[in-house]
Amino acid sequence: MEPEQHDVIVIGAGIAGLSAAWDLRDRDVVVLERARRVGGRIWSEQRGDLWLNLGAHVYAGDDSAAGTLMREVGAEPRDIPGVLTGVSYKGRLVADGPLELYPFKLPLSLRGRAEFVRTGLRLRKLVAQYGEMARQRPREQPAALQQRMLEFMDDRSFTDELGVLHPEVDAFFRCTLTRGTGEPEQIAAGYGVGYFHLAWNKEDGLGRNIVGGPQTLIDGLAAPHGDRIRFGVVVNRITQDADGVTVECDDNGTRRTLRAKAAIVTTPSHVTAELVAGLPAATDAALRAITYGPMISAAFLTDEEGPQRWDDIYAIATPGRATSMLFNMGNVLMPQRHRGSSFMSYSSADLARRIMGEPDETILDTYQAELENVFPELQGHVVERLLHRTDPGIPYPFVGRSRIQPALMEPLGRVHLAGDYLGSWYAETSVWTGRQAAAAAKQQ
Ligand SMILES: Cc1cc2nc3c(=O)[nH]c(=O)nc-3n(C[C@H](O)[C@H](O)[C@H](O)COP(=O)(O)OP(=O)(O)OC[C@H]3O[C@@H](n4cnc5c(N)ncnc54)[C@H](O)[C@@H]3O)c2cc1C
């Protein structure tokens, strides 16, 4: 049978694939997706004015690739009004005032407090250096900025840089750093410092959520394609020749072959290395070298009435507990107070590995207990809960990661790679690499 023919085949309907397909919407493009839904690691579900969130929730500002895309699609990003630096520790919630005073407000031992102050000051200096380094230069391409970001303090781990910390202090830093699914011993120091830069500088970092939930952006991106997005299709092999690409897949149980002028591949790096035939050795090795950790996220809908003490808080670190962070999704709707709240919490890296094998209900019970530990007044008010496991979760730059970046950026003829593993900015990386791939595919 003659293979069906298209201009471009996009593999994966996460934000990288959908960003690429958005730019190709006036072409004959088809998107092949293994799952039964669009969005990949972006996933939210609306509940009245609120939404339950299980994936990416904070995005970069107006000038970013994600910001531009949101404007084009008509999504409604909004600056997060609340505090991003809340901490709940041993029953005490601290979420206001200068960060320098946190060590004195939290219930720490004397040694823990002294080390917290010392490490905090050192980190502040490093974060300032990172901010300088990461500022985009006039007319600088995202790939050049990305390379510089990856090179920053890339020759040692975060633990090598800051030393082995007092257990109390370690717990604080670990629960923030592992948002990227690597432990402080595994991640490059510069990437770890960059994480604190994101959390402490809302305007330069990931300081926006999307009203109605991030799925509204995904659905907007998918809308022009209708049934050109095909679900339950597992791509097994991608080969290229002088005239085009051949994509072999399992389409809901039927083996199928498609041809196109170009393919955009947005699967995780290790899957990509298996799928794409004839990769240069350096690209193949680079794809296989990318490191990911697992992540488990949960969403809780509550039905309390009236103003609450979390109304002005977006993010709360929960050191030393079964979850790492707690997020208050409805904060972007403030100052308007709606009935109920939507919380998201998660465990990642080693915390997630420890519980990955447990049943959903057990994990949800544990996470709910953690939520009620932070806000005991929520007891009896949780009305819905969802759980999602993501493995591989998020790619994290390991020590020496910058050295494989040139091999990942190398053009591959009619096959174009896109996805978050090509950089260190999560969904932002997926968007710019997706759009860059679409621009290259248009030339073929
Ligand atoms: C809990 C959680 C919270 C996060 N929070 C944030 C955040 O706040 N901000 C942020 O910027 N980022 C965040 N991230 C990371 C962000 O979600 C990802 O960086 C981004 O969504 C990745 O998009 P992608 O399109 O590159 O990959 P994906 O979303 O993984 O898309 C790849 C798609 O390919 C499909 N696929 C895989 N193999 C095949 C195959 N063989 N054939 C066909 N299809 C296939 C998959 O099903 C998937 O849909 C978070 C991630 C998680 C898990």
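Colleague: What share of the contacts with a separation of 6 or more comes from residues 24 or more positions apart?
Modeller: Two residues are in contact if their C-beta atoms, placed from the backbone, lie within 7 Å. Of the contacts in the protein with a separation of 6 or more, residues 24 or more positions apart account for 72%.

Colleague: What kind of model is this, and from which number are residues counted?
Modeller: The model is predicted: local features need pLDDT of at least 70 and side-chain atom pairs count only at pLDDT 80 or more, while totals for chains, interfaces and linings use all residues. Along each chain, as its sequence is written, residues are numbered from 1.

Colleague: How many helices and strands are there, and what is the radius of gyration?
Modeller: The protein has 15 helices and 18 strands. It is as compact as a globular protein of 444 residues, because its radius of gyration is close to the 22 Å of the globule rule. That radius is taken over C-alpha atoms, and the rule is 2.2 Å times the number of residues to the power 0.38. The radius of gyration of the protein is 22 Å.

Colleague: What percentage of the 444 residues is buried?
Modeller: A residue is buried if 20 or more other C-beta atoms lie within 10 Å of its own, exposed if 12 or fewer, and partly exposed in between, with C-beta atoms placed from the backbone. By that count, the buried share of the 444 residues is 53%.

Colleague: Which elements do the buried residues of α1 pack against?
Modeller: Helices (H or I, at least four residues) and strands (E, at least two) are DSSP runs, numbered from the N terminus. Nine of the nine residues of α1 (residues 15–23) are buried, so this helix is largely enclosed by the rest of the structure. Among them are Trp22 and Asp23. Their packing partners are β1 (4–11), β2 (29–33), α2 (65–73), α9 (215–222), β12 (254–265) and α15 (427–442).

Colleague: Which residues are closest to the ligand?
Modeller: A residue is near a molecule if its C-beta atom, placed from the backbone, lies within 6 Å of it. The ligand is surrounded by 38 residues, the closest being Gly12, Gly14, Gly40, Ala56 and Tyr426.

Colleague: How many residues of the shell around the ligand are charged?
Modeller: Ala, Val, Leu, Ile, Met, Phe, Trp, Tyr, Cys and Pro count as nonpolar, Asp, Glu, Lys and Arg as charged, and the others, Gly among them, as polar. The shell has 20 nonpolar and 13 polar residues. Its charged residues number five.

Colleague: Where is Tyr426, and what is its phi?
Modeller: Tyr426 is in the loop between β18 (415–417) and α15. It is buried, because 22 other C-beta atoms lie within 10 Å. Tyr426 is not a glycine, yet its phi is positive, about 55°.

Colleague: What distance separates the centres of domain 1 and domain 2?
Modeller: The domain bounds come from an automatic or database domain assignment. Twelve residues of domain 1 are in contact with 17 residues of domain 2. Taken over C-alpha atoms, the centres are separated by 30 Å.

Colleague: Which residue is joined to Asp391 by a cis peptide bond?
Modeller: There is a cis peptide bond between Met334 and Pro335, with omega about 15°. Pro335 is in the loop between β15 (325–328) and β16 (342–348). The bond at Asp391 is also cis, with omega about 10°, and joins it to Pro392.

Colleague: Is Arg255 buried or exposed?
Modeller: Arg255 is in strand β12. Because 9 other C-beta atoms lie within 10 Å, Arg255 is exposed.
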